[in-house]
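Here is a short report for a first look at one structure. Please keep the sequence and the model side by side while reading.

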Amino acid sequence: MFSSDRTELRKVFFDCWQLKLAGKPLDALQQLIVSIIEQHPEYHTLLDKEKNIDRDYDISSGETNPFMHMSMHIALAEQISTDRPCGIRACHQQLSMAFGSAHEAEHKMMDCLSEALWQAQRNNTMPDETAYLNCLQALASRG
């Protein structure tokens, strides 16, 4: 899943979804990706047509980039499974209870993740795990 090529990264989602629909076996990463796709039925028709692979999304018009959205779910799943930054798993559990599901908690957590990534890109640094965790903890305390 590691690539800087947008089309290649997006193709992973198409391929995983087609494997699922065909009833083919999936490895652990593919299972994770499919589980995220399954939680987003609004993206199923998009993933049925690979011609959508190059579509651009205008966030300034309120459009959500489904590939970015699902990728953020993957990032959060990895962070939660490894509890890195330390404490993210507890925040996720607290937010899951506050918002009624792990999926909704992750949608709230994406704001903090987006901010951490944006700051890192802007400053040309690694993401600040402390600031990221502080944002999540503040969200959990409000939740």
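## Helix packing

H4 and H5 pack at an angle of about 115°, with their axes 7 Å apart. That makes H4 roughly perpendicular to H5. The residues in contact are Leu76, Gln79, Ile80, Ser81 and Thr82 of H4 and Ile88, Arg89 and His92 of H5. By class, this contact of H4 with H5 has 3 nonpolar, 4 polar and 1 charged residues.

This is a predicted model: local features need pLDDT of at least 70, side-chain atom pairs count only at pLDDT 80 or more, and totals for chains, interfaces and linings use all residues. Residues are numbered from 1 along each chain as its sequence is written, and side-chain values use heavy atoms, with hydrogens and water left out.

Some terms need cut-offs. Helices (H or I, at least four residues) are DSSP runs, numbered from the N terminus. Axes are lines fitted to C-alpha atoms, for helices over the stretch in contact, and angles run from 0 to 180 degrees between N-to-C directions. Angles under 35 degrees count as roughly parallel, over 145 as roughly antiparallel, 65 to 115 as roughly perpendicular and the rest as oblique. Contact means heavy atoms within 4.5 Å. Ala, Val, Leu, Ile, Met, Phe, Trp, Tyr, Cys and Pro count as nonpolar, Asp, Glu, Lys and Arg as charged, and the others, Gly among them, as polar.

Helix H1 (residues 6–21) and helix H2 (residues 28–38) form another pair: the angle is about 85° and the axes are 9 Å apart. H1 and H2 are therefore roughly perpendicular to each other. Val12, Phe13, Cys16, Trp17, Leu19 and Lys20 in H1 meet Gln30, Ile33, Val34, Ile37 and Glu38 in H2. The contact of H1 with H2 has 8 nonpolar, 1 polar and 2 charged residues.

## Selected residues

Leucine 76 belongs to helix H4. At 0% relative accessibility, leucine 76 counts as buried (buried means under 20% relative accessible area, exposed over 50%, partly exposed in between; 1.4 Å probe, protein chains only). Beyond its neighbours within four places in sequence, leucine 76 is in contact with Ile88, Glu106, Met109, Met110, Leu113 and Tyr132. Its C-alpha atom is separated by 8.1 Å from that of methionine 110, 34 residues apart along the chain.

Histidine 103 lies in helix H6. Histidine 103 is buried, at 14% relative accessible area. Not counting residues up to four places away in sequence, histidine 103 touches Gln39, His40 and His73.

The loops hold some backbone features. Arginine 84 and proline 85 are joined by a cis peptide bond, with omega about 5°. Proline 85 sits in the loop between H4 and helix H5 (88–99).

| Residue | Phi | Loop |
|---|---|---|
| Aspartate 83 | about 50° | between H4 and H5 |

Asparagine 124 counts as exposed, at 72% relative accessibility.

## The second largest pocket

A pocket is an open set of points on a 1 Å grid over the protein atoms alone, where a 1.4 Å probe fits, with protein on both sides within 12 Å along at least five of seven lines; lining residues have an atom within 4 Å of a point. The second largest pocket is lined by 19 residues, of which Ala75, Gln79, Leu113, Leu117 and Pro127 lie nearest its centre. H4 gives the largest share of the lining, 7 residues. By class, the lining has 11 nonpolar, 4 polar and 4 charged residues.

Technical notes
Helix = DSSP H or I, 4+ residues; strand = E, 2+ residues; numbered from the N terminus.
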